[in-house]
Amino acid sequence: MATPTKLEFAVQMTCQACVDAVSKVIKEKPGIELKDVQLDTGQVVVESTLPSEEVKSVIESTGRLAVLLGMGGSEESQWGAAVAAMSIGSQAVKGVVRMAQVSKDKCIFEGTVDGLPPGRHALCVHEKGDVSEGCASCGEVLGAGLTDKAQGLLSELDVGSDGRAMFRFDNDKLKVWDLIGRSVIIHQGSQPSTDTRLVCGIIARSSGLFQNSKRLCTCDGVSIWEERNRPLVGEGRSSYSQL
């Protein structure tokens, strides 16, 4: 059974009708439970077993923009969160992989990646966050050679003709605090090797629940709504923008 996570969104709401519309679509969607909605701050908190991108799409089906601010476990304590922008390697592939430590022994991996070739691909954590030579310098799959099944071999992604992989799964072997500074790589095919690295991203610390009150981008002063509409890196879907 999937472990639920809490997701905190900033939602562009201006009146009670906005609150009612957002609340209604969330309550009608299986796999999402509304925890809190505040008109004055534009904050919406849900608990869900769905990928955050899918939850965001549900909220935005009302016509209101939404930005993910933080994610974490159902417990009050904060165990840490991280994110990898999948933008290095194939120029056609772009996406985000997020990690949230929801308890001492459980980490949630979730993400959405577009532009992948159809077929089955391996999602892996690699030893290094060194992209000086692209994905080739990220080292081996974490734990490769030490056990029969490397710790870093996370999951196989089944990609259809649309090129999109959307995923979410529990992991009880890896901890967020041990992943910061490493990298995530998607390999073409189910057997990871040096020659099959499609796209990668460095794992960086990310905001947990209620840890991100930013409404302006500090680099150039644009609002989170303007920032949301920018591609993550250079080009690609704007929905990947990450505060």
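Because the model is predicted, local features need pLDDT of at least 70 and side-chain atom pairs count only at pLDDT 80 or more, while totals for chains, interfaces and linings use all residues. Residues are numbered from 1 along each chain as its sequence is written, and side-chain values use heavy atoms, with hydrogens and water left out.

The protein chain holds 4 helices and 14 strands, taken as DSSP runs (H or I, at least four residues, for helices; E, at least two, for strands) and numbered from the N terminus. Of its 243 residues, 50% count as buried, meaning under 20% relative accessible area with a 1.4 Å probe, protein chains only.

Nonpolar side chains in soluble globular proteins tend to be buried together. Here, the largest nonpolar core has 27 residues, and M99, F109 and I186 touch the most other members. Such a core is a set of buried Ala, Val, Leu, Ile, Met, Phe, Trp, Tyr and Cys residues joined through side-chain atoms within 4.5 Å. Another core, of 22 residues, lies apart from it and includes V25, I26, L50 and M71.

Then there's R197, found in strand β14 (residues 197-206). R197 is buried but has no salt bridge, and E140, the nearest side chain of opposite charge, sits 4.5 Å away. A salt bridge would need a side-chain nitrogen of Lys or Arg within 4 Å of a carboxyl oxygen of Asp or Glu. Instead, the R197 side chain reaches the backbone oxygen of C135 at 2.7 Å and that of G139 at 2.9 Å.

Key: Lys and Arg count as positive and Asp and Glu as negative; His and the chain ends are not counted. A polar contact is a pair of N or O atoms within 3.5 Å; within protein, one must be able to donate a hydrogen and the other to accept it, and residues adjacent in sequence count only if both atoms are side-chain atoms.
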